[in-house]
Each structure stands twice: as structure tokens, then as C-alpha cells.
Amino acid sequence: MSDTRVVVVGAGPAGMRACAALVAAGLTPILIDEAARSGGRIYQQPPQGAARPGRELYGFEAAKAARIHALEAQLAGRIDHRRETLVWNCFEDALDLLGPSGPSRQPFDALILATGATDLALPFPGWTLPGVYALGGAQIALKTQGCGIGRRVVFLGAGPLLPLVAWQYVQAGADVAAVLDATPFAAKLRGLPNMLFAPATLAKGAYYVARLLAAGVPMAWGVGGPRAEGDGRVERVHFVTAGGDARVVACDALGASFGLRSETQLADLAGCDFVFDRRTRQYVPARDVAGRTSRRFVYVAGDGAGIGGADAAELAGERAALALAEDLGLPVDVNRAAFLDGRLARLDRFRRGLETAYPFPAHLLRDIGDDTMLCRCEGIAVGALRAAARDKGAPELNRAKAFTRIGMGRCQGRMCGRAAAELLAAARGEDLARAGRLRGQPPVKPIPMIPELLS
Amino acid sequence: MQFVRLKPRDGETVALTIDGRSVEARAGDTLMTAILLHAPALRRFEFGDGARAGYCLMGACQDCFVALADGDRVRACTTLVAPGMAVRTGTRDV
Amino acid sequence: MSVGVFDVAIVGGGTAGCAAALALRKRGMSVVLLEKGQCGAMASGTNFGGVRRQGRDFREMPLATRARAIWDRLPELVGEDCEFRATGHLKLARDAAEMAELERYARDARDHGLELSVVGGNAVRALYPWLGEAVTGASLCPDDGQANPRLVGPAFARAARAAGAEIREFAPVTHARWTGAGFEIDAGGATLRARLLVNVAGFWGGEVAAWFGEPVPIRPLCPNMVVTEPVPYVIDRSIGVCGGNVYVRQVERGNVIFGGGRGWGDTARAISRPRADVARDAMARTLAILPWLRDARIIRTWTGFDGEMPDDIPVIGPSRTTPGLIHAFGFSGHGFQLGPAIGEIVAELVADGRSASPLAPFAIARFAGAPPAPAPR
Ligand SMILES: Cc1cc2nc3c(=O)[nH]c(=O)nc-3n(C[C@H](O)[C@H](O)[C@H](O)COP(=O)(O)OP(=O)(O)OC[C@H]3O[C@@H](n4cnc5c(N)ncnc54)[C@H](O)[C@@H]3O)c2cc1C
Ligand code: FES
């Protein structure tokens, strides 16, 4: 079994737990991540030289972060950790890599994709101005660099990350000019019953909001019509309150994004089937409870398999590893697997509550004008997509991409794909699932055109 | 400048130039941090007016590619600053 | 389910099929076009976008010349220019033998109405300072050009629909047969009837021909394509090389598109994938002629399906076995430029039984008795 090539992509909570379980099963996984150090997004570690106390970086989650980082040390020598290595393609039974020592091809017998998520961006006027960042980006600036995205910051969002990041900025001494929640306050109460399945998370959310209010940070719920303005950079943010009043806040930075979206390109290139997940309004790889995809010996775990959060990611990573071991015919602890299944189901209930509390802010897209930039890479406006959908009859995203170039830029539609699906469905008056998803194309991120690539 | 250092730290200083101007960063800064502590943006936008200063900070949006004097371009949010780097943002108002 | 009888049923919604639908409607015939996916999304939508006569097999030249005239008229014909630009096509030599080849072709091309200008050595770099040292000579066909392939097929489809053609997408034709008086076609759960049948099914044209007892040795062809991020616009010609192992063009927005070598395709599921190793070879060949591109990032790679005939020219003309069946498929990697003319030619064959263009070299009879193509890998 030791010559079985098992590859884990992603060194976040899901990938690290998967590696630990694979090692326990007697395997020597190859762990690949673009980052130099483990932790993924949530437990991302500052670069050498920029370290700070864990409590400051990760708040309530410091202990969990420390455990994941400790895993990296414990597994040293028992996994083959390829750091700073991009997996840019998956074709048949091999991955194409680009690492510090150049390009290579890594064949695999089994593959766990724990590729995580990124911020869910939605366009609004001015969102490409310098000074406008994703909420998660604003958090990374603080966490890994000790920097704020500006001196006087407005935060805008529609998920649990919003009060957290805002509070972290306040604690770090930043001037938080306003916290604007695009979801209505009443939704928080509707989500309560299911959120009670994870009381700690619930308490934390309430805690951040309470602290922000106590610190005198202006907060608003149910806001609409956001618009960033300024001469060459963001200088103020306009919005409309739930009551319909127009407001404007002066600032020099805006952190704005509206939840998370799964990174699924590699699963797509691996040939996995996808299903539409109505709850998170996105296509995700089809999988069973343990993370088995439609392709034999390819598994997905964590936020890359559908948004579930860090705790669920740890469990799912381990669960996928157990499934993989079982599929290889190795002995596995069935009680442990059953336990993980139970915990995952429980967290799933909680997740449903969270999504009720933070419903997708559809009103933001409904109201945006045709001239708002949709694809920030290619500079394509919302109106071009609407025209492709209505006048040129593009029934789904790839066709709209062919006509308009949305999703054809450097980011491969990561930043505009979800919004484009929503806009396309709305323009055609059709169900969101029919808008489809942008096909993954290699390289999943830009690769250099270097002759050394000619191995 | 766009970023602000909320948690000052010691450590080695790293010298680089931005559009010909000498500035100092700290070891452990990303190139993005190093630039945006001294400049308002990273690059010009190819398809319209205005500049870009990154967006996601996690290597996903690819908005933060900056040009180095030797012609190469790097993704600033995932590249650590190194001594002697020479950056050309092409945004004149630096 | 059964519907009325159409004058013509077209199998395949590539550029050829969509252009045929439009041309047939202009002659007043009732037309149904059946496309298994979306119009212009296979070879016609994934190709390199070269609109070139230079380098073509001279047997195709009359068709290519006819097509070239139509490219200028796209706005009036289909309502948009599809980003067609007559940038010229520049074919490069990288050594003396290749230079001799350019000169020979230019001499012979004159007989086919193609005026090329061949320049050597230093003159090349004076004219095109962006070319690298490896280039020793070049031949220019000034009125060749390039276009956005993603727009062309769909534009013809929309124009055909506006002219009254019935365009059915997501309607795979699973079988068609001759009834003695016309055709019965099973498509997307329906059985349609038509007096005449046009087979413009691209690679799958071989399968359609086989239904009528005339198999051909067609094989899938999946050219491997690469595109860079936008870089300043300098390559104001479409570029090819002797031997054809790399071809490059730059769109005005700045992206550099290049191809060379072959990708992977599964014809049964119509899934194609670019190959990383092939893309790397193409990168090296591109850098050899455009060294300054070395700092550009690759942002996407892709491939698609065309049908390749053993003699590298398509099958165009009436069936040998079945009256009223017209074939036009197997364009062997260079049918994008021809597409608009194929529409007119098919319409002539259908309506008049003959075409103004010389089609003898393309007759399906040349494969009579040929063994079918080996199963693709
Ligand atoms: C990557 C690539 C690069 C190329 N570069 C160039 C270039 O630069 N210049 C150039 O001139 N040519 C180029 N070509 C070739 C050119 O694209 C093709 O020769 C041309 O588009 C063929 O047109 P078509 O209509 O015959 O085929 P297609 O566009 O493939 O159309 C055939 C259609 O038939 C449909 N179909 C098949 N079977 C059925 C069925 N049973 N029922 C219903 N529908 C069916 C298919 O779905 C398809 O849409 C390239 C090709 C490729 C793949
Ligand atoms: S800021 Fe998004 S990739 Fe660097």
C-alpha cells in the first residue's frame, strides 16, 4: 500500500485532517498547496518575519488554528508536503504542478480535493476602484500582515464574516466608519432555531455585533444600492437603508463581499459530475456523505465541496480519508466514520440556520445598472451579459462567456461567475440552476510562459 | 498609500523601489503590502481608465499582478518582498 | 411525434450548417437545422480564428476565394462583423529550406489568383520588428485575416432563424434514413421528414455518411490552443510558419492566441481536452519567433473537434448512394475560413443540383471501398 500514490490538494483544515487520517491508515500522502505553510484561508499563517500571537490572529479560533499548525509538525516526514506549488491542471490520472523548482506532473491513484473557497464577490458600482477589497481579503491583510486596507474603513457584507472582520479591525485600532449588512436583521431571528445546533458559533456572532455597537460603530441591516465613489480610489460609499433613505459614508477603504463560493475547478477538470446546491445557489461536485465523487478514487472535502465552514471541513477531511482508505481495502474504524457522519449532519443543520440568517442578497443584483462592471478582469459590464441572455439567446453561462468574454480573464470567472449566473437567470426569467456554471479550463490560475516548462 | 500598518513590527528592513522611488518594507511583507503602504495602486487597468490595487488578497482574483523592472510580472499578494525589487506600477500619481 | 415535411433538413449547426440554413432560406426553401448542442460551439466555435488563404491546398483555393469575399460582407449578411479583421497572414520561414518553400508556394499561388509578397532576412525584421532572430523570411498575404470564432456560427444561426429557418438546438440526430421519397430523421425524441438532407456534422459527418452506406476514413482532429493574458498590441498580422507546427495571432484587446500540436478528444462523449505537454511545445515554438512574449502569462488552453480526412481536404458534394443527400464535412482543420462559402455551395447543390465552385476533388467517391477509420484512441 505504501506505493499507492495518494494526493491531497489543499493544506487547510480539511486537507490537514485528511492527511492525518491517511497517515494513520498507513499511507504516505502527497500534500500540495500554493501556500508555504499549512492553515488554508481561515488559519493562514503570516509569513516568516510577520508572526504575531495566535490569540491576536485567530481570536476564539486560536486553539483550533494551533492544532492544525501542530499537525503540520507532527506529520513532517510522514507526508510529502509540496509547498508553494500550484496544481494548475488535472487530466486523467495526473496533476500538472508548478512549484519552486519548476513544473512537474504528478500521477495519482487517489485524490482528495480540499481546495476551499474564496469570497463571493457581487458587483456594484465602483467595486473595482482601488481601496475596495473582499472582506476575506481585508481580514488577510490584518491577519498575515498586520495591515488595514485603509485608515477609515466601511465594511459591507451578507454573512457571518462581516461582524467578525469589522470587530477585528476595531480591536486592531482601525477606524471603522460603518458596518453595512445587506441581509435584514429579522432573518437573523428566523435562522435561530437551526443555529442552536452550534450555540458557540451563535454566541460569537452576537458577541461581535454587541461589541461593535458598544464601541459606537454605526451598523445597518437590510441595506441596498451600495455604490463606491471617489477620484481614482474609494472616498465614500453610498447606500440605501432598509427604510429607503439614501446615506453616504466617507472612507478610504471598503471591505465588501457576500459570503463564500467553492473552488471547484480541479474537480471539474478531474471529470467529476456536478449538482446544483440550492441552498448556496452554486454548482458543487456531486458527492456522497463521505466525500466520494462520481469519479472513482476522487474525493472532495471542506468548503471546496460546498460551503460548510472550518469545523465541518476538519471532519469532512478526515471522513474523506477514511472513505479513501476503505475503498483501497484498508481496515478503517467504522465507529469513527459513523461518529463523523453524525457530527457532519449536525453541523449541516446549523449551516442551514446560518443561511436563513444570512440569505443571499438578491436585491443587490436586481437593482444594478447595465453600466456596472461585472467581469473585473476583462472589463465587461452587466449590460453586455443581459444583452447576450436576451438578444443573443445565451441560455447558460458558457454561451454567455463565448459572446461577451465574461469569465475569460485571468481569474477564470472566480470573481464574476456567480453574479453572472444570477444575472443571466434573472434576465431570462429562468431558474438559477439553468444558468449552469462556467466550465473549468486549464490552467486554473495563470502560469508563466517559460521555456523551462519544457521539461 | 492605501494600506496602513496597524500592527507595527520590528525585523529586518527590505529596500525596494516603486516607480523609481526608494522605499523600505519589512521582511515578511508581501509585495502588495510593501507597495500599498507607499502607493495608491499596483497597476493600470488594461481595458479602461483607472488603476487597480488588488481585491481578494488570496491569489484568486489575479487583480494584483505588478510589473517588475526586468519585465517579469508577479502576483503581489502571494509574493514576498525581496531586497532590490524594482516595481513599475505605471500609475503616474505615485 | 411527427411534423410536416421540410424541404431541407440540416444535420449540424457549425458555421457550414448555419450558413447553409441562411443561404437555403434566401432561396425560399423551408429549412430545419438540427444541432446536438448549441450552434457554432464545436470546431466552429473553438478554432483558432484564422481566416487564411495562404498555405491552402490549391484545390480549396476557389472555395477560399469565394469565402473571402463573404467575410467582408458579414455585417450586411448576419448583422455583425464577428470581429473579422483583414490583418493579413504572414507565413514565416526559419531556415533556407523553408524560405525556398515560401518562394515556391508564392510562385504557384499566382496561378490561383493569390498575390503574396515574400521578403527575406533583414527586410523581415525591418517590417516586423517584433519578430525574433529565428525568423529568416516571411510571405505576406495582405487580405487574409482573423475573426472571433465564438461569434460567427451563432451569428449565422440567428440570421437564418430571422430569415425563417427552424433552428433546433440540443436536438441530436440519432439516425436518418431514406424512405424512397425523402428522409426520416430521428432527432431529440422527434421524427422529422424532409425532402433533402444536408450532412454538415463536422467530425460526426462520417457517422452520418455511414448511415447511408458510404463510410469514410475520417479521424478526429483536436488542435491544441493556448491564450495569454492581454499584453500591448503589436502583432498586427496573423502568423503561421512553414510546416504549421505553430500559429499565432493577437486580438486588438491584447491577448495572444497560439496553437500547435494536438489535444485529446473522446468523440463518443464529445469531450476534448488540451494537453499540457503539447501546450509547452507550442510555447517554446512561439517564443522562438516572438521572444518578448516570455513575460506573458498563459490564462487558458482548450481544443475542439474537427474531422480530418486522409488527404486533408473535405468531403463536399452529393452522396453516391442516396438521392437528395448532400455532404460537406471533414474540413481537416481549415474549414473556419471556408464556412460562409460552404453555405452557399450547399444551397446551390440542393437547389440546382450543381455548384458554381469546382467540387470534383472533394467527391466522396474518392473513398469508395476505403476501409473505415481506425477507432480513435
Ligand atoms: C482548435 C481548432 C482550430 C482551428 N483553427 C482554424 C483556423 O484558424 N482557420 C480555419 O479556417 N479553420 C480552423 N479550424 C477548422 C475549422 O474550425 C473547422 O474546419 C470548421 O469550423 C468546420 O465547420 P463544420 O461546420 O464542418 O463543423 P463543426 O463546427 O464541428 O459543426 C458540426 C456540428 O454538427 C453537430 N452534430 C454532429 N453530429 C450531430 C448529430 N448527430 N445531430 C445533430 N448535430 C450534430 C455538432 O454538434 C457541431 O455543432 C480549426 C479547428 C479546431 C478544432
Ligand atoms: S489580490 Fe486577488 S490575486 Fe492578489
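**Note on the interfaces of chains A, B and C**

1. Between chain A and chain B, 20 residue pairs, both members at pLDDT 80 or more, are in polar contact. A polar contact is a pair of N or O atoms within 3.5 Å; within protein, one must be able to donate a hydrogen and the other to accept it, and residues adjacent in sequence count only if both atoms are side-chain atoms. On the side of chain A that touches chain B, the elements giving two or more residues are β8 (117-119), β9 (132-133), α4 (135-145), β10 (147-148) and β17 (253-257). The largest share of that side, 6 residues, comes from α4(A). Helices (H or I, at least four residues) and strands (E, at least two) are DSSP runs, numbered from the N terminus.

2. The model is predicted: local features need pLDDT of at least 70, side-chain atom pairs count only at pLDDT 80 or more, and totals for chains, interfaces and linings use all residues. Residues are numbered from 1 along each chain as its sequence is written, chains are lettered from A and ligands numbered from 1 in the order in which they are written, and side-chain values use heavy atoms, with hydrogens and water left out.

3. Chain A contributes 50 residues and chain B 39 residues to their contact, where contact means heavy atoms within 4.5 Å. About 3,500 Å² is buried between chain A and chain B, and carbon and sulfur atoms give 55% of this area. Buried area is the accessible area (1.4 Å probe) that two parts lose on being put together, summed over both. A:Y133, A:Q145 and A:R410 supply 19% of the area that chain A buries against chain B, more than any other three residues.

4. The rule finds 4 salt bridges across the interface of chain A and chain B; a salt bridge is a side-chain nitrogen of Lys or Arg within 4 Å of a carboxyl oxygen of Asp or Glu. B:R75 and A:E34 meet through their side chains in a salt bridge at 2.5 Å, N to O. Strand pairing also links these chains: β10(A) and β1(B) (residues 4-5) run antiparallel and are joined by 2 bridges, and A:G148 has B:V4 as its bridge partner. Two strands pair if DSSP finds at least two bridges between them.

5. The contact between chain A and chain C takes 34 residues from chain A and 36 residues from chain C. The buried area there is about 3,200 Å², with 52% from carbon and sulfur atoms. The rule finds 6 salt bridges across this interface, and C:R280 and A:D96 meet in a salt bridge (3.5 Å, N to O). The elements of chain A that give two or more residues to the side touching chain C are β4 (86-91), α13 (397-404) and β24 (447-448). Strand β24(A) pairs with β19(C) (residues 297-302) in the antiparallel sense over 2 bridges, with C:I298 as the bridge partner of A:I447.

6. Within chain C, domain 1 covers 2-49 + 150-218 + 309-367 and domain 2 covers 89-142 + 223-303; domain bounds come from an automatic or database domain assignment. Their contact takes 8 residues from domain 1 and 11 residues from domain 2. The centres of the two domains, taken over C-alpha atoms, are separated by 31 Å. About 700 Å² is buried between them, 68% of it given by carbon and sulfur atoms.
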